Amino acid sequence: APETKRLGLDLAALNAIFSSAVFVSGERPEGGCGEAAYWLPLLALYTGARLNELGQLRRTDIVRETYIDASNGDVDATAWVIRITANAAEGLKIKNAGSARRVPIHEELISRGFLDYVARANGQGRIFPLLTPDVYGHLTTSWSKWYARYLRGPIGIADKRIVFHSYRHAFRQYALQVRVPDVDVMALMGHTGPEVKAAYNAVEPPLRRLGDAIQKYRVPGFTLPPAPPKLSVTE
């Protein structure tokens with residue numbers, strides 16, 4: 001039914017979310033699983049990835065890749081990327097085979113210390129170790145329910161059509177607003193239609209093109225509040 005359709009996130013919703021205590025004063029509510037409460041919304045807004053794809057990320061999925069920058073004399077260039085992948089042995093799940101992809105890491109995430117957080121994550125395991133799987137092996141089921149309660153309660157967003165998945169809708173909406181090509185948006189989000197394959201004529205989209213798309217991406221009219229003075233990275 002139309003009334004149950006998930007909504008994206010307008011500027012009023014984004015301002016309400018990112019001015020909450022999690023983002024401005026470093027509060028870590030019970031149920032938010034430590035730093036997951038802070039990083040998962042930010043990652044979703046700046047990658048367009050699904051919640052479970054982000055929740056299961058391991059330290060080894062955050063890598064620096066080298067590519068040829070044809071616009072700069074064919075020199076080697078590098079970019080930090082998030083690799084979204086399936087691995088049955090490690091319980092990593094993705095929606096379908098086309099969802100496996102790499103997403104360059106937006107400068108907003110880097111400037112707020114995401115790479116530092118990952119580097120200090122314990123061992124080589126998941127970067128959000130407090131997330132625990134449900135009986136089906138999904139890491140983010142309980143967290144998703146907590147987040148819905150947090151949206152309705154402390155943040156004050158009453159519309160139940162606004163859920164965590166709304167970040168994914170918002171990413172597509174704002175990327176198209178700032179004229180990121182639709183085919184690049186689809187590739188970043190893990191959609192693999194015939195137009196994506198035709199556009200790239202390759203198994204995997206070129207990193208430089210995806211990097212250009214991420215660099216171009218922004219939310220018009222929205223500015224994140226300054227990061228809290230010190231973020232805890234201990235889990």
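**View 1. Leu-51 in helix H4 of the predicted model.** In this predicted model, Leu-51 has its place in helix H4. The relative accessible area of Leu-51 is 11%, and the residue is buried because this value is under the 20% cut-off. Apart from neighbours within four places in sequence, Leu-51 is in contact with Leu-40, Thr-140, Trp-143, Ser-144 and Phe-164. A further distance concerns Leu-139: the C-alpha atoms of Leu-51 and Leu-139 are 9.3 Å apart in space, while the two residues are 88 residues apart in sequence.

**View 2. Arg-50 in the loop between H3 and H4.** Arg-50 belongs to the loop between H3 and helix H4, the latter spanning 51-55. The relative accessibility of Arg-50 is 13%, and the residue therefore counts as buried. The side chain of Arg-50 is joined to that of Glu-53 by a polar contact of 2.8 Å.

**View 3. Crossing of helices H3 and H7.** Helix H3 covers residues 36-47, and its axis comes within 12 Å of the axis of H7, with a crossing angle of roughly 85 degrees. H3 is therefore roughly perpendicular to H7, because angles of 65 to 115 degrees fall in that class. On the H3 side, the contact is made by Ala-36, Ala-37, Leu-40 and Pro-41. On the H7 side, Trp-143, Trp-146 and Tyr-147 take part. Sorted by class, the contact of H3 with H7 holds seven nonpolar residues, no polar residues and no charged residues.

**View 4. The stacked pair Trp-143 and Tyr-147.** The structure holds 17 aromatic pairs. One of them is formed by Trp-143 and Tyr-147, whose ring centres are 5.1 Å apart and whose planes lie at 10 degrees, so the pair is stacked. Both residues are in helix H7 (residues 141-155), and because they are four residues apart, about one helical turn separates them. Trp-143 is buried at a relative accessible area of 1%. Tyr-147, with 3% relative accessibility, also counts as buried.

**View 5. The edge-to-face pair Trp-143 and Phe-164.** Trp-143 also forms an aromatic pair with Phe-164, and this pair is edge-to-face. The distance is 5.4 Å centre to centre, and the angle between the planes is 85 degrees. Trp-143 lies in helix H7, whereas Phe-164 lies in the loop between H7 and helix H8 (166-177), so the pair ties together parts that are 21 residues apart in sequence. Phe-164 has 6% relative accessibility and therefore counts as buried. Trp-143 and Phe-164 are both among the contacts of Leu-51.

**View 6. A cluster of aromatic rings.** Ring pairs link eight named residues into a cluster: Phe-18, Phe-23, Tyr-38, Trp-39, Phe-114, Tyr-117, Phe-128 and Phe-222.

View 7. Helix H9 spans residues 182-189 and is mostly covered, with seven of its eight residues buried. The buried residues are Val-183, Asp-184, Val-185, Met-186, Ala-187, Leu-188 and Met-189.

Notes:
Residues are numbered from 1 along each chain as its sequence is written. This is a predicted model: local features need pLDDT of at least 70, side-chain atom pairs count only at pLDDT 80 or more; totals for chains, interfaces and linings use all residues. Side-chain values use heavy atoms; hydrogens and water are left out. Buried means under 20% relative accessible area, exposed over 50%, partly exposed in between (1.4 Å probe, protein chains only). Helices (H or I, at least four residues) and strands (E, at least two) are DSSP runs, numbered from the N terminus. Rings of Phe, Tyr and Trp (its six-membered ring) pair if their centres lie within 6.5 Å; planes under 30 degrees apart count as stacked, over 60 as edge-to-face and the rest as tilted. Axes are lines fitted to C-alpha atoms, for helices over the stretch in contact, and angles run from 0 to 180 degrees between N-to-C directions. Angles under 35 degrees count as roughly parallel, over 145 as roughly antiparallel, 65 to 115 as roughly perpendicular and the rest as oblique. Contact means heavy atoms within 4.5 Å. Ala, Val, Leu, Ile, Met, Phe, Trp, Tyr, Cys and Pro count as nonpolar, Asp, Glu, Lys and Arg as charged, and the others, Gly among them, as polar. A polar contact is a pair of N or O atoms within 3.5 Å; within protein, one must be able to donate a hydrogen and the other to accept it, and residues adjacent in sequence count only if both atoms are side-chain atoms.
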